[in-house]
Amino acid sequence: MKTQRELATSRSSSTGMAFQVNCCIQNKKPSAVLDNIEYFKTTLSSAIMQPLLRRMQQVPMHIDVSKIFKNASAKMLDAFVDSVFEFIDQPLLPSQKNFAPVGELEGEGVVITSIIGRIPDNFPEGVYVRNGPNPLFGGLKTTKSVFGRSSHIWIEGEGMVHALYFTKNDVVSSDGSRWTVRYNNRHVETETYKLEKQRNKPSFLPAIGGDSPAILSAYLLNLLRFGKVNKYLSNTNVFEHSGRFYSVAENHIPQEIDILTLETLGNWDVSGAWNRPFISHPKRAPGTGELVIMGVDAVKPFWEVGVVSADGKELIHKVDLKLNRCSICHEIGVTQRYNVIMDIALTIDIKRLVGGGPLVKYNEEEYARIGVMPRYGDASSIRWFKVEPNCTFHIINSFEAGDEVVVWGCKALDSVIGPSNESSTDNSTSTAEDAGKLYSHAYEWRLNMETGEVRERYLTGKKFSMDFPMINGNFCGLKNRFGYAQVVDLVASSTSGLLKYGGIAKLHFEEPAEREGELENEEIKVERHMFEENTFCTGAAFVPKQSDSSRIGSILEEVEEDDGWVITFVHNEDTKVSQVYVIDTKEFCSEPVAKITLPCRVPYGFHGAFMATSSNT
């Protein structure tokens, strides 16, 4: 079986991280890299520029020379790429078959006819939608050339949204149900998606994994041909703000999606005021409804935080946090008054890359800290708390409790992004330890704003790893009692080399653990809903039960926090059937109340959300 470090190099992040400057250089000496660059420049000059200049000398003066030069340059560059680079399909192991892409459905999708159990009458009308990679042209690619090999990694691939529509009917059907359920899918049509679709062949050279000369040449050629160093993925998350719906990944601004048709409507740059990527998990501020966003880049300013108005039309605050390093941040936290920022020791460093090291690297010897920033503050107003080294991508929730800001997250001790730890000499003993560091567990930080004291503890034991957390969204930034997360299947993940999630956990933050057997290290009560053998989920989301009251602001008082359902896409690798499970969170360990069989296979993906639509349509 593969080690978890091998798993890590197969997959760049359980969160789907992808950045504007996104490449990985192997441990080559700088001189070797520079020699290859010089060779590339010489080859490019002789193969393209000299014939092009000879041709330009013959052009009559009354012709638009700049236009001809541009067109000829593009054709010559394409010819160079076609002759020097060979695209090769990346093979999939049998245990990886459900990571393969699927085709788009036509029209409005398919009405579901097979449901085991019943969708509850008090389930809200809406759309359950999940994002994930669905690469064009049959799958991920590797290129080989005189510069070596460069490869896509698993987080790449054009985004595809998979949607399940729940519509309540006035008339009860013969089987006693009031529901019509429809499934559809569609690619997120970014600029680069449309470009390659028009060309009808792979065009962007892979620019993340592989040999450093091949990566550097891919970046240069992509930039020369398309004005972009890499493709815009938009494959990581979906979110709603002010009645509009967006698809996002960290290497570009979000794309607005028509949630009813799944049509891509265009980029969302907040009326032209935001010109850098979004993190995949912006947060709605409690009370105001404003959206707190962050953009991470590999060049200064490394981090910028913004606040978007509740109506989504205006960027009302934007500030450079003035960090001296580019740490990877996948999610921002909010409380009633503050923004919560995770500054971990997983960094992007262009100087390190130029010097022959990896672009992305986790260094447990560097500092880790959590910043607490007033909602409209600046860099000088951030209160920084030094914490133990960690690699935390996902925040479960954050809130204020007296003098403390409490942060719950899924903490690991090492990163699935970046090179393996080469300092270990005893492979037999280090492998198991390193693998354990890669798995994340529910964790708590309590930050005292008066004294500066930090208290930390694990909330769950080490037997079960979990990630992709979710809560009742009505409690975002407020004190909550319950959380949920996908449970990693350690054996299946090790076998396939890609993370697989074999169940869902319910976390009871205010109830102590029963401390039985191997679970004695758990501090809080945890319930686990585990699936059938070889059945795995992605994109789980919490669907809160709707209040019967129409009074604004009464939901928290009239409906209990854990009144609702967890909904998730699942795939059974034995039967090859994809379904959606609806799990009652009050009867968490019982069978799903509904198993909705889908008309086609749904590949594993990343984040999902339930969007209530009855008030918007």
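**First stop: a loop asparagine**

Select asparagine 534, which is partly exposed, with a relative accessible area of 29%. (With a 1.4 Å probe on protein chains only, buried means under 20% relative accessible area, exposed over 50%, and partly exposed in between.) Asparagine 534 lies in the loop between strand E32 (524-530) and strand E33 (535-544); strands (E, at least two residues) are DSSP runs, numbered from the N terminus. Check the backbone here: phi of asparagine 534 is near 60 degrees, a positive value in a residue that isn't glycine.

Before moving on, some housekeeping. This is a predicted model, where local features need pLDDT of at least 70 and side-chain atom pairs count only at pLDDT 80 or more, while totals for chains, interfaces and linings use all residues. Residues are numbered from 1 along each chain as its sequence is written, and side-chain values use heavy atoms, with hydrogens and water left out.

Most residues other than glycine have a negative phi, and most peptide bonds are trans. Now jump to leucine 262: its phi is positive too, about 65 degrees, although it is not a glycine. Leucine 262 is in the loop between strand E12 (255-257) and strand E13 (264-267). Is leucine 262 buried or exposed? It is buried, with a relative accessible area of 1%.

Next, pick lysine 300 and proline 301: the peptide bond between them is cis, with omega near -5 degrees. You'll find proline 301 in the loop between strand E15 (291-296) and strand E16 (303-308).

**The sheet**

Switch to cartoon view and find the open sheet of 5 strands, ordered E2-E8-E7-E4-E37 with antiparallel pairing. Strand E2 (110-111) and strand E37 (608-612) stand at the edges with a single partner strand each, so one side of each has no neighbour in the sheet. Two strands count as paired if DSSP finds at least two bridges between them; strand E7 (residues 159-168) and strand E8 (residues 179-187) pair over 9 bridges, in the antiparallel sense. Zoom in on alanine 163, which stands opposite asparagine 184 in E8.

**Last stop: a cavity**

Which residues line the second largest cavity? Among them are Phe87, Phe137, His152, Glu158, Glu196, Phe204 and Lys231. (On a 1 Å grid over the protein atoms alone, a cavity is a set of points where a 1.4 Å probe fits but cannot get out; lining residues have an atom within 4 Å of a point.) By class, this lining has 6 nonpolar, 2 polar and 4 charged residues, with Asp, Glu, Lys and Arg counted as charged, Ala, Val, Leu, Ile, Met, Phe, Trp, Tyr, Cys and Pro as nonpolar, and the others, Gly among them, as polar.

Key: On a 1 Å grid over the protein atoms alone, a cavity is a set of points where a 1.4 Å probe fits but cannot get out, and a pocket is an open set with protein on both sides within 12 Å along at least five of seven lines; lining residues have an atom within 4 Å of a point. Helices (H or I, at least four residues) and strands (E, at least two) are DSSP runs, numbered from the N terminus.
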